[in-house]
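Reader: Could you walk me through some side-chain contacts in this one, and then a bit of the strand layout?
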Amino acid sequence: MIQSFASTLYVLRYQLEQGEFRMKFHRLPGFFLLLGILVACNTGEPTPTPDIPLTVVALIKATISTATPAPTPTPQPTPTSQPMPTPQPTATPAPTPTPQSTPTPQPTATAQPRPTPQPTPTPVQLPALIALVPPPSGIASTSLGKSLTLQIEPGRPIAGRDIVFTLRGLQPWQRFTAEFVEPNGVSAEWVTENEATFAQINGKPVTKRDYWADAAGSAFLTRIATKDREGIWNMRLTVGEEVFSATYPVSQLQLEVRELKAAGVEFRRYDGLVTDSYYSSLVPASLALDLQGHLALVVERLSQILGLSSTSIPDLYLLGNENLLKQAGTSIGTDVTWEAGFYWRGAAGRGIYVRTDFFRSAAQMTVTHEYVHLLLDESFPNTTLPAWVNEGAATFYEVALGLESQRPDVVRRDIYTKADRVKVAAAKGTIFPLREIEDQRTWNKQTDKEKVSLQYSEAYMVIRYLIERFGEKALVSLLERLRMGDSLSAAIQSSTGVSYEQFEKNFLLGLTSWEDPLRLEVKTYVTEIDLVMKEVQSVSERRAQILQGAQAADYLPLVSKAQTLQIQISKIKPPSNMVETHSQVTNFMDKFVQWLTLELRYQESRDDSKHIAANGMIPEISARESMVLRAINSIEFNYRLP
């Protein structure tokens, strides 16, 4: 599930929108091509998002014969597990939303410190609905009233692409709630930055989420808009007792297309620089373009990694839902059951077929998976690859390249789900013997969804074991020996130096103690941070107990304990990808100690300035603690930590 290789996924967009460079590189076989993607501006209109020039290298080998075996399918992505939203630290916790399918326990919220009561300000009545009209700069901005302003980028949002919102003019560390309303007036399901959704206890989707301003009174949030359709959307912001609304238009990307009907499925055809995209109803035009850029990068990376290139870049067939994918499959002569996509090798309709009613990362992962099938099919012609080799390699590289993407945590979640599934099966004795998952046709006929998931997960783990134990060259060697006519047993013996039976035995033995090094490092780190945050909660609870009639002597052990925790945090070394999170934790602990120290100084001196300063820090303490708990909860979810 890959969002994009950083921002490079959109590198072809401007040229394609302007109708420039109509060459068909995917139809030029047999050469090494350098595609110089140039930015050609012939109007004064701004692009929806900034232009990013890129050179894409398409390495093309000589034409290799292609047979027409059965299509190789990709399983549907596992429905997005629902993470548990971090509760906000309040004296009386609100009802907690319940996740749909995750065992991750929810962190206990720390009670919010209680400030000296202050008079409640009279709410200012502001306009109920304000329309965001994008200016030529490409960033839309409007005043919501008084000091609040809202910016949206890009100023002309495109259906299927993310939108960044910036709210300014809040009080430092002020809490607010955000909600999005679809064009039909229904509140939209909230999607986290890592493509996960929430569900309440009653099963209804969560549509609102709390945010906090920073020290400057600004807040930033991103709408993961993969499934957002065109129309007039509404963003609602609840700040204190007031509700502000701003509308913004979402439009389809305008591409030069031609209509094409094919056996009951009507496609719009876009002739792209890299290949052609055929996309059905319910598929945003932006996806038809963006997946071309993704596919070009996949072609380049696999050429670098494996030294293999296809003779051409295949056409993309994008279907808006399951039924449309089935209709497309029927039209070319293949049955589609549980697949999210497949690669069709036939002369008519040859290309990669993908369902797109999942989040963008799933579509990208499916494209990668199916291109690997195409690559293996062309690079090792007239070779019947064992299913676990074929599917394992495709799954391995869909996640390996996904880890290079903008949202690697989406892919990590998938990796650890696969790994845990296989480890559990091995422990229960329900794992497939490798010889039972060698035949591709038998593999494709499997209809039990749990077994289908186990097949792919196991194949992924076997190929991962092969590469981690013997290196990437061992996989290429294995494929080459199979191409030369060796049996699978002989090919494994030649590539690894051990027999097929011993290879499988070693794989199963290794599963019992297997752990991803990064996951283990993250688990150790999160465990240490969790212990500290529980101690912080204990300090806060003790403070609440002695708040009335407190004396300096009562506060002294609280400050001492907080200082000890501060030192403990400073000694914890975070994993390389947790540095930002650790900075959040460190800053929170520093402020926590500072706050308690101010309260202690007030108890010692009765200096009202200390009292006022301490109470003034409460919004920051509350906001920082909530953000730390949310960050830790997100890590536990993405890494599938108990």
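Author: Gladly, with the reminder that this is a predicted model. To begin with a charge and a ring, the charged end of Arg 469 sits over the ring of Phe 470, at 4.8 Å from the ring's centre.

Reader: And what does Arg 630 lie over?
Author: Arg 630 lies over the face of Tyr 211, with 5.9 Å to the ring centre. Tyr 211 also belongs to a cluster linked by ring pairs, whose other members are Phe 165, Phe 176, Phe 180, Trp 190 and Tyr 248.

Reader: How many aromatic pairs does the count come to?
Author: The count comes to 23 aromatic pairs. One of them is formed by Tyr 465 and Phe 503, a tilted pair with 5.4 Å from centre to centre and 55° between the planes. This pair links distant parts of the chain, since Tyr 465 lies in helix α8 (residues 449-470) and Phe 503 in helix α11 (residues 500-513), 38 residues apart.

Reader: Is Tyr 465 buried or exposed?
Author: Tyr 465 has a relative accessible area of 17%, so it falls under the 20% limit and counts as buried. Phe 503 is buried as well, at 1% relative accessibility. Tyr 465 also forms a tilted pair with Phe 507, where the centres are 5.9 Å apart and the planes make an angle of 55°.

Reader: Switching to strands, why is β14 described as largely enclosed?
Author: Because five of the seven residues of strand β14 (residues 265-271) are buried, the rest of the structure largely encloses it.

Reader: Which strand is joined to β14, and how?
Author: Strand β15 (residues 276-279) runs antiparallel to β14 and is joined to it by four bridges, and the two form a hairpin with four residues between them. Within this pairing, Tyr 270 stands opposite Ser 277 of β15.

Terms used. Residues numbered from 1 in each chain as written. Predicted model: local features only at pLDDT ≥ 70, side-chain atom pairs only at ≥ 80, totals over all residues. Heavy atoms only, no water. Buried < 20%, exposed > 50% of the residue type's maximum accessible area, 1.4 Å probe, protein only. Pairing = 2+ DSSP bridges. Phe/Tyr/Trp six-rings, centres within 6.5 Å; stacked < 30°, edge-to-face > 60°. Lys NZ or Arg CZ within 6 Å of the ring centre and 35° of its normal.
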